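Thanks for making time this morning.

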2 protein chains.
Amino acid sequence: MAAATFDVERLCAGDLRVAAALMRALDDELPGAREALAAIYPRGGRAFVAGVTGSPGVGKSTLVSALVTVVRARGERAAVVAVDPSSPFSGGALLGDRVRMQRHVLDEGVFIRSLATRGQQGGLSRSTAATVAVLDAAGFPVIFVETVGAGQAELDVADATDAVVVVTAPGLGDDVQALKVGLLEIADLLVVNKGDRDGADRAVADLTAMLALGARPVPPIFKTTATAVAGAGIEEVIDGLEALRRAPLADRAARRRRQAARQIAAIAAEQLRGRAHAALAAAASGDPLGRVINSVAERTLDPWSAAESLIAVLE
Amino acid sequence: MAAATFDVERLCAGDLRVAAALMRALDDELPGAREALAAIYPRGGRAFVAGVTGSPGVGKSTLVSALVTVVRARGERAAVVAVDPSSPFSGGALLGDRVRMQRHVLDEGVFIRSLATRGQQGGLSRSTAATVAVLDAAGFPVIFVETVGAGQAELDVADATDAVVVVTAPGLGDDVQALKVGLLEIADLLVVNKGDRDGADRAVADLTAMLALGARPVPPIFKTTATAVAGAGIEEVIDGLEALRRAPLADRAARRRRQAARQIAAIAAEQLRGRAHAALAAAASGDPLGRVINSVAERTLDPWSAAESLIAVLE
């Protein structure tokens with residue numbers, strides 16, 4: 001296949017058709033796409049990237065939609081990268097929700113990009129970072145990354161963003177407890193959404209008490225009642241994000257060096273994971289690797305020893 | 001450090017002190033542990049391993065506890081591997097929940113093992129598979145693996161188990177929608193827990209309708225109201241699992257070959273990820289790798305090119 005060429009200059013001047021074409025090409029791993037990404041990466045770094053994460057059902061997408069509305073009202077363009085399988089942005093939700101999201105589609109100052117998570121074995125942090133890099137180079141000053149807050153993704157979102165908004169809602173059972181373990185540690189800002197529900201003030205009090213026990217300063221906590229258009233508390237969340245955006249450059253530089261190391265490791269690990277899967281998928285029963293798989297399936301060999309054989313083959 | 005030795009014969013005869021010592025040694029990656037695991041792996045394969053997965057708040061832990069009660073009442077021993085950060089089994093929940101779980105601790109026919117997920121970058125599927133392999137070799141006929149159903153974990157649980165129970169509950173917002181994307185595809189059996197709540201019958205009907213649209217046969221759907229002791233519908237879930245357990249060996253063999261390939265790939269990828277992280281963590285500013293990190297942080301180099309440099313160093 002001939003390598004596609006992408007007009008880097010036009011992209012960096014804000015041409016969204018070039019940006020969209022490059023994002024599609026990156027998804028499909030077309031030749032030339034990686035080279036274009038390498039060329040635009042040094043042109044970015046001006047965007048303020050906010051991750052929005054939390055369990056399914058807390059209303060992350062509606063909150064993001066409301067935040068975008070406020071950013072737009074204040075005169076800036078905004079992009080949304082949805083990597084949450086339950087997000088209406090990424091097509092995972094009911095038709096009604098998706099239609100409600102369409103209000104931003106008619107606004108040329110808003111760009112929405114969904115990343116499929118269906119069945120994906122790794123690769124998500126790589127494509128998230130690539131999508132953010134393209135939108136950043138294309139000149140979006142504010143980028144929201146919406147991701148479901150569980151497992152690896154909760155860590156990856158902190159590596160790919162300048163600030164992490166952790167969202168919860170009252171009445172989700174063990175949810176505040178689940179938050180305690182991983183998400184609270186990466187939260188730069190907390191939101192208790194569905195603030196009109198019973199238990200919202202209690203959830204804010206619980207979070208405050210829980211965070212007070214921790215070693216680091218308590219991040220700001222906001223109560224919101226997001227609707228797709230706006231809602232209570234949304235302006236305050238944007239003000240909180242603006243405060244983080246104005247943080248001393250030295251603080252951001254330290255964060256970016258830590259992030260760089262983790263991002264490189266995550267991308268390298270995903271590349272290696274891809275190679276491992278490809279090698280196994282290509283293995284036939286008669287191959288050495290196919291025999292290794294059969295031995296594990298028949299339990300004559302353990303999978304840890306098998307993994308070492310596989311690594312030796314990859315190298 | 002001298003390699004610890006583990007009495008494989010005693011472990012395979014059911015000695016839980018040896019099993020527990022080996023699991024701790026595997027967690028700590030002590031010398032000798034991997035060798036013992038390789039030695040016991042061929043001795044396992046008799047356990048029926050059921051994954052129990054779903055979003056936080058659906059009552060997975062209470063369901064697992066009730067399922068264990070029924071398995072015990074039917075005269076079999078049972079083990080629980082909790083990899084869900086919100087699980088009371090793994091210490092993530094309120095004291096009251098944890099105390100409720102203690103009822104099984106007094107029962108010598110029940111073994112509970114928690115795997116920490118806090119801040120873990122990968123490694124979870126490796127330790128889950130290793131823990132299951134030890135409990136299997138130690139003779140537990142039934143093993144439940146409780147995991148939060150989101151992201152990578154939802155795929156890994158299918159690779160490490162003979163059957164996957166996907167749990168949901170009414171009133172969790174987008175939850176049924178979130179399920180649609182990933183979890184429904186791996187469900188061998190579905191449970192709508194908190195069946196005494198409004199909307200439980202509607203949730204069962206929605207799931208049935210959704211699954212009827214899919215390509216594969218609709219898996220059985222159960223409505224439960226689990227309490228830690230037992231509850232409505234629990235016997236029926238165990239009957240459903242018993243039906244799967246009696247599935248023709250040929251079916252299980254095909255599943256195990258697919259699982260073997262994916263498990264080997266996951267373990268290899270995690271090993272490589274560990275090496276990548278270790279290399280970056282050891283990099284000083286003056287090193288070639290330290291300079292690569294700085295270049296990415298300063299955006300003079302993109303992280304994808306940096307990842308390739310890192311892979312070259314690892315090989």
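What follows is a short tour of this model, with the cut-offs given as we reach each term.

First, the conventions: this is a predicted model, in which local features need pLDDT of at least 70 and side-chain atom pairs count only at pLDDT 80 or more, while totals for chains, interfaces and linings use all residues. Residues are numbered from 1 along each chain as its sequence is written, and chains are lettered from A and ligands numbered from 1 in the order in which they are written.

Let me begin with chain A, which has 14 helices and nine strands; here helices (H or I, at least four residues) and strands (E, at least two) are DSSP runs, numbered from the N terminus. Of the 315 residues in chain A, 55% are buried, where buried means that 20 or more other C-beta atoms lie within 10 Å of the residue's own, exposed means 12 or fewer, and partly exposed is in between, with C-beta atoms placed from the backbone. Among contacts in chain A between residues at least 6 apart in sequence, 72% join residues at least 24 apart, a contact being two residues whose C-beta atoms, placed from the backbone, lie within 7 Å.

Turning to chain B, seven strands form an open sheet in the order β3-β2-β4-β1-β5-β6-β7, with parallel pairing; two strands pair if DSSP finds at least two bridges between them. Why do β3 and β7 of chain B each have one side left without a neighbour in the sheet? Because β3 (110–114) and β7 (221–223) of chain B stand at the edges, each has a single partner strand. From one strand to the next, the twist averages 20°. At the β7 end, β6 (residues 189–192) of chain B pairs with β7(B) in the parallel sense over three bridges, and B:V191 stands opposite B:F222.

As for the helices on this sheet, α4 (residues 60–73) of chain B lies across β1, β2, β3, β4, β5 and β6 of chain B and runs at about 175° to β4(B), whereas α10 (residues 200–212) of chain B lies across β5, β6 and β7 of that chain, at about 175° to β7(B). These angles run from 0 to 180 degrees between N-to-C directions, the axes being lines fitted to C-alpha atoms, for helices over the stretch in contact.

Now to single residues. Most residues other than glycine have a negative phi. A:K194 sits in the loop between β6 and α10 of chain A, and because it has 25 C-beta neighbours inside 10 Å, A:K194 counts as buried.

In strand β2 of chain B we find B:V81, which counts as buried because it has 29 C-beta neighbours inside 10 Å. Leaving aside neighbours within four places in sequence, B:V81 is in contact with several residues, including B:R113, B:I143 and B:V145.

Is A:A215, by contrast, buried or exposed? A:A215, in the loop between α10 and β7 of chain A, is exposed, with 5 C-beta neighbours inside 10 Å.

Finally, the largest nonpolar core has 185 residues, and those with the most contacts inside it are A:I143, A:I264, B:I143 and B:I264; such a core is a set of buried Ala, Val, Leu, Ile, Met, Phe, Trp, Tyr and Cys residues joined through C-beta atoms within 7 Å.
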